[in-house]
Amino acid sequence: MSKTAVAAASAARRPSRPALRGLACLAIAGTTWGTTGAAMEIVYRSSDLGPLAVSFWRFLGGMALLVAARAVRPSRALPRRAQPVRRRVLLLTGTGLGLAVFQTAYFGAVQDTGLAVGTIVCLGAAPVFTTAGAWVFLGERLGGGGLPAGGGALAGLAILVLGDRHGVARPVGVCLALVSAAGYAVTNILGRWTGRHGTGEDPYGLTVWSFAVGAAVMLPFAWSEGLWPHTAHLGRIVLLMLYVAAVTTALAYPLYFAGAAAVRAATAAVVMLIEPVGAAVLAVLLLGERLTPATVGGTLLLLAAVTGLAVTESRRTAP
């Protein structure tokens, strides 16, 4: 075998650096997202602020923090490939609407059926929806690692919902979580499409514009629900909302879009299942929720899917 062939074979076995960086970004984003539901549950218990208003303030706060950060420390612009205005508008609008549906329906699910079930149903269904959408619109196939990962996610979701016999999973909350998963799948697929086709949108720009669209969409609904909280614990509510806007939004979403652009859409959706683990732990430790055997079993299956697919993705050769 020639030296060139040996070098090529060695490179093929070497983990792809872009994929590894993408997986790391997704893992950090998923870990921070796992704390969002707990923070929102405390907000719901301490005030009359609803999920529509929470979504609006999260979008607005995250956008303001990102714009302020760029103004204080401008980054060096990277070369961008021009794209049609219509395509760019569709990309930013679709991502913003997907985020609005994703997080608003998720907050509604948490409010109705609880943090653990709402989070696990949403993130358990998301890989299934994402995999189907990526296959139809991006031509991405599951591959050897994707099949067991998708099957594990679906099995975990089925065990969680169908195996519940204690009234923890409420039908309305489960439906909202599934709607949230669909919005997440749209955002994930668009993020991956951006990375594959070089549309000229970096993770920061895509995040800021998506937040702007999301805030504009949510404003009339949040206004009708009530924008301002009525509570005796205003300081606690403000601190929690600042945490959500800064850590789980302004920090996590650019990392998420950077990771989604570097790995397959199905992989990104499955890796983000790291979130339900942290959310379930916080639900038990801080909020007094109980985990049924079905919840535990579903969570273990989801973790197995994350581990298997992450290993497979990290071994792919970079293009």
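A search of the whole structure, which is a predicted model, finds one cavity of 30 Å³ or more. On a 1 Å grid over the protein atoms alone, a cavity is a set of points where a 1.4 Å probe fits but cannot get out, whereas a pocket is an open set with protein on both sides within 12 Å along at least five of seven lines; lining residues have an atom within 4 Å of a point. Grid points are joined across faces, edges and corners, and a volume is the space filled by probe spheres set on the points.

The lining of the largest cavity consists of Trp33, Thr36, Arg58, Phe102, Gln103, Tyr106, Tyr253 and Glu275. Helix H5 (residues 85-113) gives the most to this lining, with three residues; helices are DSSP runs of H or I with at least four residues, numbered from the N terminus. Ala, Val, Leu, Ile, Met, Phe, Trp, Tyr, Cys and Pro count as nonpolar, Asp, Glu, Lys and Arg as charged, and the others, Gly among them, as polar.

| Space | Volume | Lining residues by class |
|---|---|---|
| Largest cavity | about 60 Å³ | four nonpolar, two polar, two charged |
| Second largest pocket | about 290 Å³ | 13 nonpolar, one polar, no charged |

Among the 14 residues that line the second largest pocket, Trp57, Ile237, Val238, Met241 and Leu242 lie nearest its centre. H4 and H10 are the elements that give two or more residues to the lining of this pocket, and H10 supplies the largest share, six residues.

The largest nonpolar core has 67 residues, of which Trp33, Met40, Tyr184, Tyr253, Tyr256 and Met272 touch the most other members. Such a core is a set of buried (under 20% relative accessible area, 1.4 Å probe, protein chains only) Ala, Val, Leu, Ile, Met, Phe, Trp, Tyr and Cys residues joined through side-chain atoms within 4.5 Å. Beyond its neighbours within four places in sequence, Met272 is in contact (heavy atoms within 4.5 Å) with Leu26, Ala29, Gly30, Trp33, Leu123, Tyr184 and Tyr256.

The protein averages a pLDDT of 76, on the predictor's confidence scale from 0 to 100 for each residue. Mean confidence is lowest in helix H1 (residues 3-13), at 46, and highest in helix H4 (residues 51-72), at 89. Where pLDDT is low, the predicted coordinates should not be read in detail.

Residues are numbered from 1 along each chain as its sequence is written, and side-chain values use heavy atoms, without hydrogens and water. Local features need pLDDT of at least 70 and side-chain atom pairs count only at pLDDT 80 or more, while totals for chains, interfaces and linings use all residues.

Definitions and conventions:
Buried means under 20% relative accessible area, exposed over 50%, partly exposed in between (1.4 Å probe, protein chains only).
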